[in-house]
Amino acid sequence: MPDPATSLPSSLVAGARAIVSSPDTQEKVRLAYAVSKAWFQRGLALGSPSKDGLMPDRPGRPDHPVLLAPRDMPKRSLTGKAGRLALLHSLAHIELNAVDLTWDLIGRFAHVRLPRSYYDDWVRVGLEEAKHFSMLQDRLAGLDARYGDMPAHDGLWQAAQDTGHDLAARLAIIPLVLEARGLDITPPMIEKARQIGDEDTAKCLEVIYRDEKNHVAFGAKWFRFLCDRQGISPEPAFHLFVRKHFRGALKPPFNDRARSEAGLTPGFYKPLAPLIG
Ligand SMILES: [Fe+2]
Ligand SMILES: [Fe+2]
């Protein structure tokens with residue numbers, strides 16, 4: 001675990017800003033651990049975007065990996081060592097984006113009146129995303145590779161930019177569309193890793209899957225909270241946000257059980273799936 005001893009920001013918002021801005025992935029992870037620890041020890045004030053500075057338009061990133069358009073990315077699968085490395089690398093990239101997306105969520109909307117438990121939930125998510133990225137870095141290192149060796153795609157931050165003006169829209173797209181998709185695709189990946197005898201990858205993905213169920217649950221909880229406060233019905237509001245900010249339909253098959261356990265009932269996502277049969 002990174003040493004949280006040095007250079008602690010002055011508030012949660014300042015910490016979120018420092019995490020997202022840092023181009024050094026090790027520093028990003030170190031700060032995520034240190035800021036989370038200070039927050040849970042009640043040693044950090046919330047701060048505010050007007051006092052602590054606005055979040056950057058784009059996150060700080062290292063020189064490598066090279067970022068490509070999604071259509072230019074090589075296909076990935078768990079078959080063969082090269083395919084497995086490419087898959088782990090792309091998962092590490094997704095988790096690094098999740099670190100930035102979560103801390104951006106914490107810092108960008110701190111002017112919105114929200115209970116302290118809202119920040120407790122998302123700081124926990126921000127800590128877990130840093131842990132996921134570290135675990136995948138370790139897994140890559142175990143296979144003599146590292147994050148930055150292969151190209152990565154540049155599509156994920158777009159979702160953040162498109163919803164930077166509206167917290168409910170951000171929650172609809174990031175936890176309730178993108179992270180919920182993780183619940184659909186991770187169990188088959190775990191099974192595949194076991195089939196090829198890669199127990200270390202399977203274990204790593206199991207931790208991620210367990211944590212991500214909570215991330216979706218927090219998304220559903222706070223999305224409903226915001227809708228309740230505005231007196232609007234959550235399902236139609238979700239449909240509107242997704243049609244406006246997410247390109248294309250939501251892809252089945254869905255992990256209905258895990259989604260429902262997280263509070264994302266079929267009335268949210270089924271009307272957005274293509275009609276089949
Ligand atoms: Fe994650
Ligand atoms: Fe997550």
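This is a predicted model: local features need pLDDT of at least 70, side-chain atom pairs count only at pLDDT 80 or more; totals for chains, interfaces and linings use all residues.
Biologist: Where is R42 found?
Modeller: R42 is in the loop between α2 and α3. Helices here are DSSP runs of H or I with at least four residues, strands are runs of E with at least two, and both are numbered from the N terminus.

Biologist: Is R42 buried or exposed?
Modeller: R42 is exposed, with 8 other C-beta atoms within 10 Å. The rule is that a residue with 20 or more other C-beta atoms within 10 Å of its own is buried, one with 12 or fewer is exposed, and anything in between is partly exposed, with C-beta atoms placed from the backbone.

Biologist: Changing topic, how many helices and strands does the chain have?
Modeller: 11 helices and 2 strands. From the N terminus on, the elements run α-α-α-β-α-α-β-α-α-α-α-α-α. The radius of gyration is 18 Å, close to the 19 Å that the globule rule gives for 277 residues, so the chain is as compact as a globular protein of that length. That radius is taken over C-alpha atoms, and the rule is 2.2 Å times the number of residues to the power 0.38.

Biologist: How is the chain divided into domains?
Modeller: Into domain 1 (15-58 + 108-152) and domain 2 (156-277), with bounds from an automatic or database domain assignment. Their C-alpha centres lie 20 Å apart. The contact takes 14 residues from domain 1 and 12 residues from domain 2, where two residues are in contact if their C-beta atoms, placed from the backbone, lie within 7 Å.

Biologist: Which helix gives the largest share of the side of domain 1 that touches domain 2?
Modeller: Helix α5 (residues 116-142), with 10 residues. By class, that side of domain 1 has 7 nonpolar, 2 polar and 5 charged residues. Nonpolar covers Ala, Val, Leu, Ile, Met, Phe, Trp, Tyr, Cys and Pro, charged covers Asp, Glu, Lys and Arg, and the others, Gly among them, are polar.

Biologist: What does R139 touch?
Modeller: L88, D200, T201 and C204, not counting residues up to four places away in sequence. R139 is in helix α5 and counts as buried, with 22 C-beta neighbours inside 10 Å. R139 and T201 are 62 residues apart in sequence but 7.0 Å apart in space, C-alpha to C-alpha.

Biologist: How many residues are in the largest nonpolar core?
Modeller: 68, and A32, A172 and L176 have the most contacts inside it. Domain 1 and domain 2 both give residues to this core, so it lies between them. A core here is a set of buried Ala, Val, Leu, Ile, Met, Phe, Trp, Tyr and Cys residues joined through C-beta atoms within 7 Å.

Biologist: What does L176 touch?
Modeller: Leaving out residues up to four places away in sequence, L176 touches L171, V216, G219, A220, F223, F238, L264 and F268.

Biologist: And which residues of α2 are buried?
Modeller: T25, K28, V29, R30, L31, A32, A34, V35, S36 and W39. What covers them includes α1 (12-21), α4 (80-108) and α5.

Biologist: How many of the residues of α1 are buried?
Modeller: 9 of its 10, so α1 is mostly covered. Its cover includes α2, α3 (49-52), α4 and α5.

Definitions and conventions
Residues are numbered from 1 along each chain as its sequence is written. Chains are lettered from A and ligands numbered from 1 in the order in which they are written.
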